[in-house]
Amino acid sequence: MLASWYDEQGPAADVLHVGDLPDPTPGPGEVRVRVNVSGVNPGDTKKRRGWLGSSMPHPRVIPHSDAAGVIDTVGDGVDARRVGQRVWVYGAQSYRPSGTAAQFTVVPADLAVPLPDHLSDELGASLGIPGITAHRTVFSDGPVDGRLVLVHGVLGGVGSLAAQLARWGGATVIGTVRHGSDLDRVDPAVVTHAVALDADDPVTAIRAHAPNGVHRIVEVALSDNVDLDNAVVENGAVIAAYATRDDRPRLPFWPLLFNNVTLRMLGSDDFPVAAKRQAARDITAAAAVGMLTVAIGDLHPLEKIAQAHDRVDAGGRGRVLVTIPS
């Protein structure tokens, strides 16, 4: 099969190779997916770079955890009727050496989720890490029907899906963007109220829409926003943080304590299995009824995978995807 891999960590152009590798074979309880589109996440490029001092987890790594494709063969114990089924894949390279940047990927059967026929491969390949992370930030502490949910970075990969899932779950969504110039990019059908963090008084702007405070906060920059968050929470609120700019953030401990805030830290590779399965079911259901959309940024052919990684590292708008040749 045609695949991309790296044998050492470093810059994308230096360590990512593209060439032929043996076709994988599914073992018991596994399926093999013929990949059409592979999704690139910041976590994939961080692993490749050795972020936070991480080392090579395996001698050779085929990167990427997310994809969309078709099951072409199954291992023992898997219903043979799944052959030919369109699926979206998550977690392919989570604690595993071989991800989705290849013509074939082998995963446990429950990591290949049926993809409704009317949904595109591009959407399917965009649902894994960002979608399951978003679901966990919104629902880890129970239903949100009738609740006020504040989503920071509402235009980002996780933030946009978190806002859509919260809306699907019956919440009123308040979303933030970094700059006032981005406010016109926020979808009012999803985000009832949008606030720019560079405004003169974002706390007052948020409080105008949540006079008693917000019930949940989806947090992408804990070190930057924790004081603002404390100023807008209802007593007993949850801050669900999946990222931070400063890796050792300072917290206003006593104000958070007197607000009885729960600070929940979320690392997607290690979510409980049951939570991931529920997320996959809910994400598929929401997407099937048109409640989830993803802005696609760049599509790169597999031979240009280094450029795709560089695009993710540089940030910017939209989901970065790699198309896999037949």
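The legends below describe close-up views of a predicted model. Local features require pLDDT of at least 70 and side-chain atom pairs pLDDT 80 or more, while totals for chains, interfaces and linings use all residues. Residues are numbered from 1 along each chain as its sequence is written, and side-chain values use heavy atoms, with hydrogens and water left out.

**View A. Aromatic pairs.** The structure contains 4 aromatic pairs (rings of Phe, Tyr and Trp, the last by its six-membered ring, with centres within 6.5 Å; planes under 30 degrees apart are stacked, over 60 edge-to-face, the rest tilted). One of them joins W88 and Y90 in a tilted arrangement, with 5.8 Å centre to centre and 40 degrees between the planes. F253 and W254 form an edge-to-face pair, at 5.0 Å centre to centre and 80 degrees between the planes. Both W88 and Y90 are buried, whereas F253 and W254 are both exposed (buried, under 20% relative accessible area; exposed, over 50%; partly exposed in between; 1.4 Å probe, protein chains only). F253 and W254 also belong to one aromatic cluster with F258.

**View B. Charges over aromatic rings.** The charged end of R32 sits over the ring of F104, 4.3 Å from the ring centre (criterion: NZ of Lys or CZ of Arg within 6 Å of the ring centre and within 35 degrees of the ring normal). The charged end of K46 is placed over the ring of W51, 4.2 Å from its centre.

**View C. Helix 10 and the residue that follows.** Helix 10 spans residues 305–314 (helices, H or I of at least four residues, and strands, E of at least two, are DSSP runs numbered from the N terminus). Its residues I305, A306, A308, H309 and V312 are buried. Down the helix axis, the buried residues of helix 10 fall within an arc of 160 degrees, so they line one face of the helix (the arc is taken from the directions from the helix axis to the C-beta atoms). Just after helix 10, G315 adopts a positive phi of about 75 degrees.

View D. Six strands form an open sheet in the order 10-9-8-11-12-13, with parallel pairing (strands pair if DSSP finds at least two bridges between them). Strand 10 (193–196) and strand 13 (262–265) are the edge strands, each pairing on one side only. The twist averages 20 degrees from one strand to the next (axes are lines fitted to C-alpha atoms, for helices over the stretch in contact, and angles run from 0 to 180 degrees between N-to-C directions).

**View E. Strands 8 and 11 with helix 5.** Strand 8 (residues 148–151) and strand 11 (residues 214–219) run parallel and are joined by 3 bridges. V149 stands opposite R216 in strand 11. Helix 5 (residues 157–168) lies across strand 8, strand 9 (172–177) and strand 11, and runs at about 170 degrees to strand 8 (contact: heavy atoms within 4.5 Å).
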